[in-house]
Amino acid sequence: MKNASFIFSKEQLDYSFSDTHPFNQKRILLTLDLLEKSGAIQESDIISPRMATDAELLLAHDSKFIDIVKRAGKGLLHGDVGNIYGIGTDDTPIFPNMHEASALLVGGTLTAVDEVMEGRSKYALNLGGGLHHGFHGRASGFCVYNDSSVAIKYLQKKYGARVLYIDTDAHHGDGVQWSFYDDPSVCTLSIHETGRYLFPGTGNVTERGNGTGYGTSFNFPIDAFTEDESFLSIYKTAIKEVTEFFKPDVILTQNGADAHYFDPLTHLYGTMEIFKEIPRIAREIADEYCDGKWIAVGGGGYDIWRVVPRAWAHIWLAMTNNPAPTGPLPADWLAKWQEQSPVPLIPTWEDPHPLYESIPRKAEITEKNEHMLNRALHIIRNEQMSK
């Protein structure tokens, strides 16, 4: 068994709305090149994704929606029909061959699932995935098809698996949550910036699941300007207690890199420290509770030059048991990409210090986040006290 598989093909970059759209898949190429120039990945580690079939997409999406996406990508959608289905909007514009590009990203996550569940690899990473805002019959927030929702349904159907989905994107993982809101065999855990000021506006601690699924939805909405220490305290506590409570067969993590201070779309004050720790803790939890079965996907991350490559590289480094690197980035990587970058690249694995001015409300923000954490976990803690 391989330690880890990296799912990638250049065709994943075809998921492209426009040259000026904030969702830019060049970040995958930047990450892979950083890993290659660091000597951390070999050609034999890379596996090409397959395209998801219509039958697989139907596990989590409506047939009419899939048909609309196909027609849109071929220029056959007229008027504002697409708006009803969330496509042709400013967030999710129509682009050529939209269906094929979107289905390939889903297929990449399914490829990662099969690598892990069929025992060819202990862990698997598909940075092209993580499109967590897609709904059953509607695109949303840069996401056409929801690869994580399809993959979880696929894990249930093909492998009979009990799945824990962990989402650390700065935006709430709404599409995945609502797909499994009443399903007791899937647990969703999302740590995100509060929806008071940020899309999609959901993910309150009171969203706990419905019917037999009540108690399997966990949301940890952190305050704007949250820094590393508070973020990681919540993450470590939440992932440990929820995993012990739910006892999954496999873990699927969504690894948005938009909680960083530099991200242009969010208001959190994370540094590279959180992106170094997030995957290492996920691996430890997977090893302890799931015999190592861990599938990771990408997600948000809109500073593609200074943040995403370094952040996402840490996922692969954690999967391959490489120590977190320090010091300068490879000189040939910096030289290659600085020519294209509109901003000066960060030349080291660590962020410069200090990255920002001190926040006067730090103590207040930390206290609010701790109170929120206790509220979010009260289902688990009350059950433990009653035993």
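**View 1. The salt bridge between glutamate 364 and arginine 361 in a predicted model.** The side chains of glutamate 364 and arginine 361 meet in a salt bridge, with 3.4 Å from N to O; the term denotes a side-chain nitrogen of Lys or Arg within 4 Å of a carboxyl oxygen of Asp or Glu. Glutamate 364 is partly exposed at 40% relative accessibility, and arginine 361 is partly exposed as well, at 31%, where buried means under 20% relative accessible area, exposed over 50% and partly exposed in between (1.4 Å probe, protein chains only). In this predicted model, local features need pLDDT of at least 70 and side-chain atom pairs count only at pLDDT 80 or more, while totals for chains, interfaces and linings use all residues. Residues are numbered from 1 along each chain as its sequence is written, and side-chain values use heavy atoms, leaving out hydrogens and water.

**View 2. A salt bridge between lysine 368 and aspartate 223.** The closest N and O atoms of this pair are 3.4 Å apart, and the pair links distant parts of the chain, 145 residues apart. Lysine 368 lies in helix H12 (residues 362-376), whereas aspartate 223 lies in the loop between strand S6 (217-222) and helix H8 (228-246); helices (H or I, at least four residues) and strands (E, at least two) are DSSP runs, numbered from the N terminus. Lysine 368 is partly exposed, with a relative accessible area of 36%, but aspartate 223 is buried at 6%.

**View 3. The salt bridge of aspartate 303 with arginine 306.** Their side chains meet at 2.8 Å, N to O, and aspartate 303 is buried, its relative accessible area being 7%.
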